[in-house]
Amino acid sequence: IGIAGKKRSGKDTFTQHLNMFFENKNKKVQCESFASPIKECLKTLFYLSTEELENQKETKLDKLFEYSPRDLMKSLGDWSRGINKNIFIQNMNHRVEQAQKNNVDIFIISDVRFDNEAYFIRNVLKGFIVGVNAEKRLNLKDSSKDNHITELGINKLFYDAVIENNGSVREFKLNINKFIFENNIYLLLDP
């Protein structure tokens, strides 16, 4: 399962909720992100804690020479994709192969941001893509637009479904539950 959407749209919340749903049904779940190698690199290079990296993404930090973790993640991602546009797909494929060896039932990728990533999930892994739409909520909170390539989104033709996240967290989780049953996600529970 691949989750797509803009920053702060609720991709991680959706991933965590799906993870909990499947684990409560005794399924072995692995949640990953294409950005994991970037985050690990920045943690090592700049001695960042997980808290700094995840909870202060937009904060300009002294130890990052007045850049934010998100700024550096974008730069490192751009540089890496400049070397090989499929570098993160190749890395993810290795993680998927490891998960298969470990008998993982459900594999969730929380940050699908490029068409080649969506293609990989749908056509190579035979998975599906869910978009998280929080346009109304995000436009009310933040009028500044991020035009970085990671925020342009994937081609809507890759979406198998879209879930709305324009209210409270509680409403979003209710939408996720509705999505699970309306889209027969529970069928993934069959042996």
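Accessible areas here come from the Shrake-Rupley method with a 1.4 Å probe. With that in hand, let's look at this predicted model. Its protein chain exposes about 10,900 Å², and carbon and sulfur atoms supply 51% of that area.

**Overall build**

The protein chain holds eight helices and five strands. Starting at the N terminus, the elements run β-α-β-α-α-α-α-β-α-β-α-β-α. The radius of gyration is 17 Å, close to the 16 Å that the globule rule gives for 191 residues, so the chain is as compact as a globular protein of that length. Buried residues make up 45% of the 191 residues. Among contacts between residues at least 6 apart in sequence, 72% join residues at least 24 apart.

**Charged partners**

How many salt bridges does a search of the whole structure find? There are 12, and the table shows three of them, including Glu58 with Arg8.

| Salt bridge | Distance, N to O |
|---|---|
| Glu58 and Arg8 | 3.7 Å |
| Glu54 and Lys39 | 3.1 Å |
| Asp160 and Arg122 | 3.2 Å |

Glu58, in the loop between α3 and α4, and Arg8, in the loop between β1 and α1, are 50 residues apart. Arg8 and Glu58 also belong to a network of salt bridges with Arg70.

Glu54 lies in helix α3 and Lys39 in helix α2, so this pair ties together parts that are 15 residues apart in sequence. Is Lys39 buried or exposed? At 16% relative accessibility, Lys39 counts as buried, whereas Glu54 is partly exposed at 29%.

Asp160 sits in the loop between α7 and β5, and Arg122 in helix α6, so their bridge ties together parts 38 residues apart in sequence.

Note on methods. Residues are numbered from 1 along each chain as its sequence is written. This is a predicted model: local features need pLDDT of at least 70, side-chain atom pairs count only at pLDDT 80 or more; totals for chains, interfaces and linings use all residues. Side-chain values use heavy atoms; hydrogens and water are left out. Helices (H or I, at least four residues) and strands (E, at least two) are DSSP runs, numbered from the N terminus. The radius of gyration is taken over C-alpha atoms; the globule rule is 2.2 Å times the number of residues to the power 0.38. Buried means under 20% relative accessible area, exposed over 50%, partly exposed in between (1.4 Å probe, protein chains only). Contact means heavy atoms within 4.5 Å. A salt bridge is a side-chain nitrogen of Lys or Arg within 4 Å of a carboxyl oxygen of Asp or Glu.
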